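Welcome! Take a moment to look over the sequence and the model, and then we can walk through a few of its features together.

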Amino acid sequence: MEIMRNLFRNFLNLFFPDLCVVCKERLSEGELHICTDCLFLLPKTNFHLQPDNRLEQFFAGRIPFQHIAAYAYFVKGGSIQSVIHELKYQRNPKIGNFIGELCGENIKDSDFIASIDYLVPVPLHPKREKQRGYNQSLEICKGISKVTGIAIDNETLIRKVNNKSQTKNSRFDRWKNVEDIFQLTDTETFKNKHILLVDDVITTGSTLESCAKELLKCDGCRISIYAVGTAG
Ligand SMILES: [Zn+2]
C-alpha cells in the first residue's frame with residue numbers, strides 16, 4: 001500500500017509539484033511548505049528574548065500584560081506575508097500548523113513560555129470560521145502546542161460579534177469596531193492562570209487589546225501575547 005501511495009504521490013508531483021509558499025520554487029524531497037533557503041532567511045525578531053521590546057512598548061499603558069513577542073517581521077511582499085496569505089486565503093490550514101511548530105521551536109526553552117497555562121487563539125466569529133473552514137490562529141496554536149506540550153483552550157473565549165473587514169477603517173474606528181466583541185463562556189477556567197493569547201499578525205493591536213480586556217475579567221488571570229508576524 002505504502003509503495004502505491006508513494007508512486008501515486010510521485011506521479012502527481014510530476015504535474016503538480018509542491019512549491020515553496022515564499023519563493024514558489026519546487027520543494028526538494030523532505031522539504032515541507034517552505035524551502036530551506038527561505039526558512040533560513042525568515043526575518044525573526046527574537047523579541048521573546050528581549051524584555052521591553054518594541055511590541056511591549058507598543059502595548060504599554062493599553063493593557064496589563066506579562067510579555068509580548070512575535071516570531072518574525074511582517075513586511076509587504078516579504079516571506080511572512082506569503083505565509084499568512086496562504087494560511088488565511090488559500091485554504092491551507094497545514095501551513096498554520098507548520099509555522100506554529102517553528103514558533104514553538106523558537107520559544108520553547110525560553111522564560112517567555114515557561115509559566116504559560118493555556119494557549120488561547122484569537123477567536124473568529126463562527127460565520128467567518130465556517131467561510132474559511134478553520135480558525136487560522138487555532139491552527140498556529142496546534143503547532144505551538146505540539147512542540148511545547150502546552151494545552152489549547154479554544155472554548156472559554158468566544159467572539160459574539162462578526163465585525164466587518166477592518167482594512168479600510170481608521171485606527172479609532174477599528175478600536176470602536178472591536179470593543180466588546182469578545183465574551184467569556186465562564187470566568188472560572190482562567191482564574192489565576194497565565195494565558196498566551198495567539199494571533200496571526202499584530203498590526204494595530206486593537207483586536208488583541210479587546211481579547212485581553214475580556215480575559216482579564218477572570219480573577220488573577222495574567223496575559224501574554226504572541227503572533228507569527230508583527231508589522232513593526
Ligand atoms: Zn523558498
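Which residue in S6 is the bridge partner of Val120? The partner is Leu197. Please keep in mind that this is a predicted model.

## Strands side by side

The pairing of Val120 with Leu197 is found here.

S2 also pairs with strand S3, residues 151–152. These strands run parallel as well, with 2 bridges between them, and Leu119 has Ile152 as its bridge partner in S3.

## The nonpolar core

Leu197 turns up again in the largest nonpolar core, which has 61 residues. Leu197 is among those with the most contacts inside this core, along with Ile34, Leu215, Ile225 and Tyr226. The core lies between domain 1 (1–41) and domain 2 (43–231), because both give residues to it.

Beyond its neighbours within four places in sequence, its contacts include Phe59, Ile63, Phe112, Leu196 and Leu197.

## The zinc site

Four cysteines hold the protein donors of the zinc ion: the SG atoms of Cys20, Cys23, Cys35 and Cys38, lying 2.3 Å from the ion. Along the chain, these donors follow the spacing C-x2-C-x11-C-x2-C. Cys23 sits in the loop between helix H1 (2–15) and helix H2 (36–41), while Cys38 is in helix H2, 15 residues apart.

Why is the arrangement called tetrahedral? The 4 donor atoms subtend angles of 101 to 115 degrees around the zinc ion, so the arrangement is tetrahedral. As for accessibility, Cys23 counts as partly exposed at 32%, whereas Cys38 counts as buried at 10%.

Technical notes. Residues are numbered from 1 along each chain as its sequence is written. This is a predicted model: local features need pLDDT of at least 70, side-chain atom pairs count only at pLDDT 80 or more; totals for chains, interfaces and linings use all residues. Side-chain values use heavy atoms; hydrogens and water are left out. A nonpolar core is a set of buried Ala, Val, Leu, Ile, Met, Phe, Trp, Tyr and Cys residues joined through side-chain atoms within 4.5 Å. Buried means under 20% relative accessible area, exposed over 50%, partly exposed in between (1.4 Å probe, protein chains only). Domain bounds come from an automatic or database domain assignment. Contact means heavy atoms within 4.5 Å. Donors are N, O and S atoms within 2.8 Å of the metal (3.2 Å for Na, K and Ca); water is not among the atoms, so sites may look incomplete. Four donors count as tetrahedral if all angles lie between 85 and 135 degrees; four count as square planar and six as octahedral if opposite donors are over 155 degrees apart and all others between 65 and 115; anything else is irregular. Helices (H or I, at least four residues) and strands (E, at least two) are DSSP runs, numbered from the N terminus. Two strands pair if DSSP finds at least two bridges between them.
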